[in-house]
Amino acid sequence: MISYPSFSASKYISSFIYLYFQKKIREINYFSQHIHMAKLIISCIIVLFFSVLFLFVELSNAATTYNVLSFGAVPNEQTDATQSFLNAWRAACSSVEATTIYVPKGRYLVGAATFRGPCKNRITVRIDGTLVAPSDYWVIGNSGYWLLFIQVNGISVIGGNLDAKGAAFWACRNSNNNCPVGARSITFNWANDVVVSGLLSINSQLTHLVINSCNNVMVRNVRIIAPDQSPNTDGIHVQSSTGVTITGSRIKTGDDCISIGPGTRNLWMEKILCGPGHGVSIGSLGRNYEEDGVQNVTLTYSIFTGSDNGLRIKSWARPSTSFVKNIYYRNIVMKYVDNPIIIDQNYCPNGQDCPGQTSGVKISQVTYKNIEGTSTTEVAMKFDCSPSNPCEGIQIQDIKLTHMNKKAKSFCKNVQGIKKGVILPDSCI
Ligand SMILES: *[C@@H]1O[C@H](CO)[C@@H](O)[C@H](O)[C@H]1NC(C)=O
């Protein structure tokens with residue numbers, strides 16, 4: 001994604017000049033006339049002029065890299081670099097050329113920062129260093145977001161380590177003290193054409209990476225790490241977004257590896273390693289009455305290791321217009337997962353307004369194909385659907401799940417669907 005200066009055009013021009021000179025010299029030898037000499041000089045001047053112009057345009061292209069060091073950032077983990085990053089952003093965002101913001105190796109102390117668009121052209125943020133949050137968790141915890149990109153079209157974040165130092169914040173929450181709301185580490189809101197590649201995020205206060213109200217997003221080769229008991233540290237949260245791809249990512253965290261919220265469409269997840277964590281979860285949906293649904297979601301070639309759940313769909317037992325449809329789970333391996341396959345429409349913590357304990361969320365057309373491995377609990381496959389909106393079109397095919405070395409069980413309530421191929425545990429559909 002980095003554009004290095006290319007001198008190909010200038011090279012071309014210079015060899016052209018060289019050939020041109022040779023030809024002219026030959027001409028001079030042949031004719032040795034003054035008139036030719038004058039012509040030669042004039043044409044040389046013209047060629048030289050265009051060649052210099054070319055070189056100038058190319059150099060000005062190459063100059064559109066903004067190094068945060070030249071905006072005063074000091075990579076010593078002590079000096080607050082927030083303003084330097086924001087100033088580099090302002091310069092890049094107002095540039096009419098596509099630009100790169102470059103963060104060299106080193107540890108930068110960065111507080112809450114909002115990178116706002118729309119910008120005049122594409123921006124690539126290339127990070128070889130580590131961004132470290134202040135040790136006082138109130139600094140980023142007060143604003144809800146640590147690094148926030150808003151309304152930026154054409155943004156790529158390449159590389160980079162984010163260390164939100166969340167441990168003190170989790171301790172505060174666990175002790176029920178007066179704590180700030182907490183910060184998501186990196187968030188994209190109302191952004192289109194987004195690439196996040198090669199990012200490492202550790203110990204976020206809340207969710208590590210949030211994709212909210214975005215179109216056309218590619219997340220690849222990211223690594224997410226937080227302890228398995230850290231509260232609400234979801235790995236990646238996708239919501240109100242269309243065309244998100246998450247591929248080749250390793251997520252070890254304290255909450256969902258990937259959580260999928262209302263209004264998610266055309267989500268593709270591939271080669272995900274999840275665990276510890278709460279699995280890949282659609283939901284919780286249907287908390288609100290008016291709520292957009294989730295549709296066309298695929299998860300394939302993924303491995304869950306020691307996670308609480310594998311493939312989970314979860315909804316509140318409350319009235320709602322929300323729905324889940326066209327979901328495809330394929331080629332999944334479960335290693336010591338508590339609930340490998342689970343639909344739970346009974347969610348109602350603290351019994352908050354759940355009349356009749358029934359969910360309005362309609363779940364339909366969910367396919368589970370080629371899923372094998374081990375469940376730490378006896379019920380490896382659980383479909384606990386809504387009495388008022390039964391699950392429909394659930395398709396299971398080639399499932400091989402055991403309760404460690406023993407036979408596992410399946411559980412069905414208010415579910416209709418079909419089965420194909422070998423199904424272990426015995427299907428209740
Ligand atoms: C479903 O999503 C995929 C991307 O994950 C997309 O390629 C496909 O066109 C979508 N299908 C429909 C019917 O929208």
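**Note on the predicted structure**

1. Leaving aside neighbours within four places in sequence, isoleucine 246 is in contact with Val219, Ile236, Ile258, Met269 and Ile272. The model in which these contacts are found is a predicted one. Isoleucine 246 belongs to strand S16, which covers residues 242–252. Is isoleucine 246 buried or exposed? With 27 C-beta neighbours inside 10 Å, isoleucine 246 is buried, because 20 or more such neighbours are required for that class. Between the C-alpha atoms of isoleucine 246 and valine 196 the distance is 9.4 Å, although 50 residues separate the two in sequence.

2. The protein as a whole may be described next. Its secondary structure consists of 5 helices and 28 strands. Of its 429 residues, 40% are buried. Among contacts between residues at least 6 apart in sequence, 74% join residues at least 24 apart.

3. In soluble globular proteins, nonpolar side chains tend to be buried together.

4. Not counting residues up to four places away in sequence, isoleucine 282 touches Ile260, Val294, Val297, Ile313, Val324 and Ile327.

5. Helix H3 spans residues 82–93, and its 12 residues reach 16 Å from the first C-alpha to the last, close to the 16 Å expected at 1.5 Å a residue. Its buried residues are Ser84, Phe85, Ala88, Trp89 and Ala92. Seen down the axis of H3, these buried residues fall within an arc of 140°, so they line one face of the helix. An α-helix has 3.6 residues a turn, so residues three or four places apart point the same way. The cover over the buried residues of H3 includes strands S1 (65–67), S3 (99–103), S5 (113–116) and S6 (123–132).

6. Serine 94 is placed in the loop between H3 and S3. Serine 94 counts as exposed because it has 11 C-beta neighbours inside 10 Å, and the limit for that class is 12 or fewer. Serine 94 and asparagine 121 are 27 residues apart along the chain, and their C-alpha atoms are separated by 8.1 Å.

7. Two cis peptide bonds should be noted by the reader. One joins glycine 117 and proline 118, with omega about 0°, and proline 118 is located in the loop between S5 and S6. Another joins glycine 283 and serine 284, with omega about 10°. Serine 284 lies within strand S19 (residues 280–285).

8. For asparagine 216, in strand S13 (residues 215–220), phi is near 60°, a positive value in a residue other than glycine. Asparagine 216 counts as partly exposed, with 17 C-beta neighbours inside 10 Å. For asparagine 266, in strand S18 (residues 265–274), phi is near 55°. Asparagine 266 is likewise partly exposed, with 16 other C-beta atoms within 10 Å.

9. Which residues surround the ligand? They are Asn266, Trp268, Asn296 and Thr298. Strand S18 and strand S20 (294–305) each supply at least two residues of this shell. By type, the shell divides into 1 nonpolar residue, 3 polar residues and no charged residue. Asn266, whose positive phi was given above, is therefore also one of the residues around the ligand.

10. A last point concerns serine 410, found in strand S27 (residues 409–413). Serine 410 is buried, with 21 other C-beta atoms within 10 Å. Leaving aside neighbours within four places in sequence, serine 410 is in contact with Val379, Ala380, Met381, Pro425, Asp426, Ser427 and Cys428. From serine 410 to aspartate 426, 16 residues apart along the chain, the C-alpha separation is 6.8 Å.

How values were computed
Residues numbered from 1 in each chain as written. Predicted model: local features only at pLDDT ≥ 70, side-chain atom pairs only at ≥ 80, totals over all residues. Helix = DSSP H or I, 4+ residues; strand = E, 2+ residues; numbered from the N terminus. Expected span 1.5 Å × (residues − 1). Arc of directions from axis to C-beta. Contact = placed C-beta atoms within 7 Å. Near = placed C-beta within 6 Å. Nonpolar A, V, L, I, M, F, W, Y, C, P; charged D, E, K, R; others polar.
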